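Trainee: Before I use these labels, I want to see what stands behind them. Can we go through them one by one?

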Amino acid sequence: MSTFVYMTRCDGCGHCVDICPSDIMHIDETIRRAKNIEPNFCWECYACVKACPNHAIDVRGYADFAPMGHSVRVRREEEKGTISWKIKFRNGTTKDFVSPITTKPWGKFIPKLAEGDKPNQEEIKSQVLYNEPEGLNTKKELPSVPKDSFKKGVYY
Amino acid sequence: MITNNPFSTLSEVVSPVAMQGFLVTMIALAAIGTLIDIIHKKNVKYFFENAKKAKKNATRELKAGERFSIIAKTVVYDIGTTSELGAGKRRVAHLLGMYGTILFWIASTVMIFCYSSSSTTPFAWPIIWHAGAIMTILGGCWFWFFLRVNVYSEAQPWYRIIKADLFVLALISTSLFGLIWSYLQSLNLNERWDDKVFLVLYVVSNIVLFGGVYWSKFAHMFYKPGAAIQKNLAEADGSRDNLPPEADASEKFGPGIKREAPKHY
C-alpha cells in the first residue's frame, strides 16, 4: 500500500513533507502540491495521513488483497486530542473508532534539549540515554551491558 | 500618478478599441486555456464522479435551501477568506494577492471600457487599480520570497524557479510593470523611451499570464472553489469522503503539530 494525495484538497502546506520518515512525500514542481514520489518505499506509517490538516492524503490498497470499495480514513483533531478512524468494508459495513492521542497538553512536556545542560564526556559514553532513568519513572538503576562482553570488533 | 487613468493617457497613442480588443483577447485566452486544462486533466469529470460517489454514500438528503445556505457560506467564508490555509502568513499573503488581483482586473476592465476615450475618470478607479497592483505585488512577493513550500519544506534554494512559479511570477510582473509604466507615463517623458519599454513589458507579462493558463496554476482559482463547495456539501450530507465524523470531545488541547511551521528539513 502507499499514500496518495487528493489534489483538490491539498493546499501545499508542507506538513507531510516535513513529517515523512521515508522522505518520499515531496512537492510537485508543476502544481506545488504534495505527492508521493516513491510509492514502493512507503511503509504505511500513516504519519502524513494524520498530519495533513486538510485530510488530503489517503492510503491506497493493492488490488490483489484490498478489495475494491474498501476505505480506511482517519481524522486527527489536535485541539481535542483525538484520532478517529473510519473503516469501510467491501460489503458496506462501517466501523468507527475514536482514541485519545494524548492526555497531556500539547507542547508542555516536550523536553527542551537546547536549554538543558551540555552533557560531559562521561555522560556521552554512558549507556543510559537522555533523561534516563528519571524519564522512565523508575528510581532504579538501569541494567547495562559491560563493554568486555561485547563481541570482538564492536567498539563503543 | 495614483489618480491618473493610465489607459486614458495611452489612448493618445493606442486607440481605445485596440485596448478593448487586447483585453477581450486575454479573457478569451484564459477561457481557452482553462478549457484545454479541463479536457487534459479531466477535472470536471472527476468532480462529477466524486459528486455521484458522495450522493451514493450520503446518510441524509440535503434540501435545496440547506444546499444553498452551505454553498453561500462556503463562498463567503471558505473561498472569500481562503480558510483552508488556516491562520497565518500564507493566508494573509494569499488574501493580499487574491483581492489585489481582483481589484486590479476589475479596475482595468472598467477604465479600458468606460474611460479610456474620455479625458476624465472618476478618481476612485485609478486608485483601485494602483492599490490592487500594490496589494498583488506585496502578497505575491511575500509568498514567492518567503512562503513557497518547495523552499521552506524541501530546502530548495530561494532562487530556484520551477514551473509552478509561472503563475505567481507572471502575476507579480504584470502588476509591477503596470505600476512602473503608469508612474513613468505620469512624468510626461515625451521623447524618452522608459515608459514605452515598461508598457511593452506590461503587455508581454499579460500575454504570459493569460496565454500560459494551460502550463501554469492559473486555473486553480476556478477548481478550488468547486472543491471547497463539494467538501462542505459532503460534510453536511454525511458522506464526508469516507472520513470519520468529528470526535465528540471538547477542545482542551493546543494546536499540536500545527504550532510549528513545517521546516525541519
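The talk below takes each label and sets its value against its definition.

Mentor: Ground rules come first. This is a predicted model: local features need pLDDT of at least 70, side-chain atom pairs count only at pLDDT 80 or more, and totals for chains, interfaces and linings use all residues. Residues are numbered from 1 along each chain as its sequence is written, while chains are lettered from A and ligands numbered from 1 in the order in which they are written.

Trainee: How many helices and strands are there in chain A?

Mentor: Chain A has 3 helices and 7 strands. Helices (H or I, at least four residues) and strands (E, at least two) are DSSP runs, numbered from the N terminus. In sequence order the pattern of chain A is β-α-β-β-α-β-β-β-β-α.

Trainee: And what does the secondary structure of chain B come to?

Mentor: Chain B has 10 helices and 0 strands. From the N terminus on, its elements run α-α-α-α-α-α-α-α-α-α.

Trainee: What radius of gyration does chain A have, and what would a compact globule have?

Mentor: Chain A has 22 Å, but a compact globule of 156 residues would have a value near 15 Å. The radius is taken over C-alpha atoms, and the globule rule is 2.2 Å times the number of residues to the power 0.38. The C-alpha trace of chain A spans about 60 × 40 × 35 Å along its principal axes. For chain B, that span is about 70 × 45 × 35 Å.

Trainee: Why is Asp241(B) called buried?

Mentor: Count C-beta atoms. A residue is buried if 20 or more other C-beta atoms lie within 10 Å of its own, exposed if 12 or fewer, and partly exposed in between; C-beta atoms are placed from the backbone. Asp241(B) has 20 such atoms, so it is buried. It sits in the segment after helix H10 (220-236) of chain B.

Trainee: Is Glu44(A) buried, exposed or partly exposed, and why?

Mentor: Glu44(A) has 13 C-beta neighbours inside 10 Å, so it counts as partly exposed. Its place is the loop between strand S3 (34-36) and helix H2 (47-51) of chain A. Here too phi is positive, about 55°, although Glu44(A) is not a glycine.

Trainee: What makes Ile38(B) and Leu35(B) partly exposed?

Mentor: Ile38(B) has 16 other C-beta atoms within 10 Å, so the label is partly exposed. Leu35(B) has 13 C-beta neighbours inside 10 Å, so it also counts as partly exposed. Ile38(B) lies in helix H2 (residues 16-41) of chain B, and Leu35(B) is found in helix H2 of chain B.

Trainee: How far apart in sequence and in space are Ile38(B) and Tyr223(B)?

Mentor: They are 185 residues apart in sequence and 9.6 Å apart in space, C-alpha to C-alpha. Leu35(B) and Tyr214(B) are 179 residues apart in sequence and 8.6 Å apart in space, again C-alpha to C-alpha.

Trainee: Which residues does Ile38(B) touch, not counting those up to four places away in sequence?

Mentor: Asn43(B) and Val44(B). Two residues are in contact if their C-beta atoms, placed from the backbone, lie within 7 Å. Take contacts with a separation of 6 or more in chain B: residues 24 or more positions apart account for 81%. In chain A, residues 24 or more positions apart account for 42% of such contacts.

Trainee: Why is H5(B) called roughly antiparallel to H6(B)?

Mentor: Helix H5 (residues 89-114) and helix H6 (residues 124-147) of chain B pack at about 150°, with axes 7 Å apart. That angle makes H5(B) roughly antiparallel to H6(B). Angles under 35 degrees count as roughly parallel, over 145 as roughly antiparallel, 65 to 115 as roughly perpendicular and the rest as oblique. Axes are lines fitted to C-alpha atoms, for helices over the stretch in contact, and angles run from 0 to 180 degrees between N-to-C directions.

Trainee: How many residues does each chain bring to the contact?

Mentor: Chain A brings 37 residues and chain B brings 33 residues. On the side of chain A that touches chain B, the largest share, 5 residues, comes from S6(A).
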